[in-house]
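Hi,

Here is the structure I said I would pass on.

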Amino acid sequence: GFRPASRIASIGVSKILQIGARASAMKRDGLPVIILGAGEPDFDTPDNVKAAAKAAIDRGETKYTALDGTPELKKAIAEKFRRENGVDYALDEITVATGAKQILFNAFMASIDPGDEVIIPTPYWTSYSDIVEICGGTAVLVPCDAEAGFRLNAEQLEKAITPKTRWVLLNSPSNPSGAAYGEADYRPLLDVLMQHPHVWLMVDDMYEHIVYDGFKFVTPAALEPRLKPRTLTINGVSKAYAMTGWRIGYAGGPKALIKAMAVIQSQATSCPSSVSQAASVEALNGPQDFLVERQRSFKARRDLVVAALNAIDGIECRVPEGAFYTFAGCGGVIGKTTPKGKRLETDSDFTDYLLEDAHVAVVPGSAFGLSPFFRISYATSEAELKEALQRIATACQQLA
Ligand code: PLP
């Protein structure tokens, strides 16, 4: 029989994908399932971006490109970092890969030896710890509860650092919590890192453009230039430009790291898709005004979901600063019994109940390393959100 390699022995298929598959199967069977599990915008890729891709095909840009990004795209990324973040990266300090996921993979493959530790605040995007484990590292998970705004503080960071710490990985705004680090939140953490020169900082700014209520997005390489020589700033076009299927992510960082990441990429994918890179040049250089419009629409949905959740007895939801997720506490329903007589012991029992009895698919906090919570992705129509929240409310009322 097949024997899986030890590096993946402890890693299962992501719970998010499992729930998605089960919900889709129920839908195919004719059940009216509403899926609030997907991590992608429901908007379409902008027309100017699609046109740029078509033009690239017609120009014959259908071959391998430079290993870690075309000069045109690296230039567009350098300008983006300067214009939006106030950070200067030279072209050889920029890398492009097949999604931010491959950026993370390249970075950890290129830097982690067995036993090296990566500090990850919870709740966290599941892939972080799994990628670290696949690369032979140890994920050091630090619980950050709702009362702390799901944010790591300086004391926790200081305590988590050991001689084996290689990286701290921060994600703002966060998937799954929607929590974001403003300048005042980052500052004490960066001060701690200044005291530990062996620790590098990886930041995932993927949801930069999805923030609300005037929240001021900042990135550490701009806030603390002295840390820039050991900071990797990750971003991508997937969420901002509704381009998840184009598979382009990028990062800025010190040249030696960027070069090592290219070694990994050269034996994995050779280069990102040529057509997608041409499209991404247009996404970054083209008009940006639609971002504000989309933010407004996301904000209306966030407000709708947060209000509806907080109106439910047993559910508590903090107002997230960004991204398109809510991460609500469901401690108040744990220990209750469903109409079918099943006692809810965990957040996973609760989300199973919502899927089976209310036909709403959401993801339990356990999938993100923090319980008892559940994540809703509100990148779906207001009509569907209203219906789904009504069903969740009814399902909670029916618990005894
Ligand atoms: N980072 C975060 C926090 C995410 O939520 C995601 C996707 O869900 C990614 C990175 C990966 O994005 P992509 O590989 O599509 O660029």
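**What turned up**

Three strands form an open sheet in the order β9-β12-β11, with antiparallel pairing (strands pair if DSSP finds at least two bridges between them; helices, H or I of at least four residues, and strands, E of at least two, are DSSP runs numbered from the N terminus). The edge strands, each pairing on one side only, are β9 (325-329) and β11 (363-364). β9 and β12 (residues 373-377) run antiparallel and are joined by five bridges; A328 has F374 in β12 as its bridge partner.

Before going on, bear in mind that this is a predicted model, where local features need pLDDT of at least 70, side-chain atom pairs count only at pLDDT 80 or more, and totals for chains, interfaces and linings use all residues. Residues are numbered from 1 along each chain as its sequence is written.

Now the helices. The axes of α11 (residues 290-310) and α13 (residues 382-397) come within 10 Å and cross at roughly 5° (axes are lines fitted to C-alpha atoms over the stretch in contact, with angles from 0 to 180 degrees between N-to-C directions). So α11 is roughly parallel to α13 (angles under 35 degrees count as that). R301, L304, V305 and A308 in α11 meet E382, L385, K386 and L389 in α13 (contact: C-beta atoms, placed from the backbone, within 7 Å).

Last, the ligand: 13 residues lie around it, and G99, A100, K101, N175 and S238 come nearest (near: C-beta atom, placed from the backbone, within 6 Å).

Cheers

Note on methods:
Parallel < 35°, antiparallel > 145°, perpendicular 65-115°, else oblique. Contact = placed C-beta atoms within 7 Å.
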